[in-house]
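Hi there,

Here is the structure I promised to pass on to you. Have a look at it first, and then read my notes below.

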Amino acid sequence: MTADWPHASPAILAAFLASLVEFIEAMTIVLAVGAVRGWRGAIGGASLALVLLAVLTALLGPVLIAIPLGWVHLVLGTLLILFGLRWLRKAILRAAGVIPLHDETAAYQRQTRALQTAGGVLGGWDRLAVATSFKITLIEGIEVVFIVVAVGTSGRGLIGPAVLGAVAALLVVIALGAAFHKPVSMVPENSLKFIVGVLLSAFGTFWFGEGMGWQWPGADWSLLGLNGIYVTAALVAVLLCRQEKKAR
Amino acid sequence: MMGGLRKIWNEFWGLFIDDPRFAGAILAWLVLAGAGLPRLGMPKGLLPVLLVIGLLGILVDSVMRRARQPRS
């Protein structure tokens, strides 16, 4: 099965942007580990986690593809709505100044301080470096796996485009990390989360309806309409929250 | 090891449930929209529209509630 354009383009974009956000957060900690404890343990731990995540994706994808599509749409649609609206809610609150923005530089400094106060290495692999790098890559990567699997298996032949988006994001983040050796704080993380929240909420809503056997107006093209509706509503919500915050 | 696994498990659930009230409202609306509204004899073409309106209402209500709270 090949993917059609209305599904494939948001799938690639959602997987790419969501993965970019998650890999940037992981890269911040891996860079702190590398700078303080050495690159061998930092890269070793991150690589180990990436292998585990790839295996997880390879195992989950075929399992979900074997389940009848109606059920997959319903379950993954529900999960994508929960996941997407959660991101969108947080992005709205951050954009409105209700909660603080995520600060990669501060996270890097916190992690650097914590690693500096830990004990030294006696020889061989630095276990703390490997464990810290492994854990953060796995934790952030689980979100990537969920998005790739959910977006990839709910649609028609979308697993390829979703994996492509995630791998492209990984390569971009690795290139940025290797080039600058410092946290990628110039990326507008909240704007990315805002866009991903919109895309995943739209996907989830569309697939929930499909799973219920409902007919969307405009069929597959309604997915683009849903994106427009969610963007508009979220921008209005930001304005309303700013007003509410001022009046508080 | 167990602490690490627990953190990963918590992280997994945290993907979907951040604010329990918000997640609960979404799930309740999905159940109502999926199982309740069709039984009320609503035209089938109206159901997706109602689904979206309900989800947007929950989102806007949740962020407005949070904006009204003092900063924590």
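**How confident is the model?**

Chain B has an average pLDDT of 86, with 93% of its residues scoring at least 70. Please keep in mind as you read that this is a predicted model. Within chain B, confidence is lowest in α1(B), where the mean is 73, and highest in α3(B), where it is 95. Chain A also has a mean pLDDT of 86, and 94% of its residues reach 70 or more. There, α4(A) has the lowest confidence, with a mean of 80, while helix α8 of chain A (residues 222-247) has the highest, at 93. For the model as a whole, the scores are ipTM 0.89 and pTM 0.84. A word of caution for your reading: where pLDDT is low, the predicted coordinates should not be read in detail.

**Where two helices cross**

Which residues of α3(A) and α3(B) meet? From α3(A) come Ile81(A), Leu85(A), Leu88(A), Arg89(A), Ile92(A) and Leu93(A). They meet Leu55(B), Leu59(B), Ser62(B), Val63(B), Arg66(B) and Ala67(B) of α3(B). Sorted by class, this contact has 9 nonpolar, 1 polar and 2 charged residues.

**The largest pocket**

The largest pocket holds about 1200 Å³ of space. It is lined by 44 residues, and those nearest its centre are Leu138(A), Ile139(A), Glu140(A), Ile142(A) and Glu11(B). By class, the lining has 26 nonpolar, 5 polar and 13 charged residues.

Of its 17 lining residues, Met27(A), Val30(A), Ile43(A), Ala46(A) and Ile174(A) are the closest to its centre. Two or more lining residues come from each of α1, α2 and α6 (159-180) of chain A. How many residues of this lining are nonpolar, polar and charged? There are 13 nonpolar and 4 polar residues, and no charged ones.

Enjoy exploring it!

Best wishes

Methods. Residues numbered from 1 in each chain as written. Chains lettered and ligands numbered in written order. Predicted model: local features only at pLDDT ≥ 70, side-chain atom pairs only at ≥ 80, totals over all residues. Heavy atoms only, no water. Contact = heavy atoms within 4.5 Å. Helix = DSSP H or I, 4+ residues; strand = E, 2+ residues; numbered from the N terminus. Nonpolar A, V, L, I, M, F, W, Y, C, P; charged D, E, K, R; others polar. 1 Å grid on protein atoms, 1.4 Å probe; cavity = no way out; pocket = protein on both sides within 12 Å on 5 of 7 lines; lining within 4 Å. Points joined across faces, edges and corners; volume = space filled by probe spheres on them. pLDDT = per-residue confidence, 0-100.
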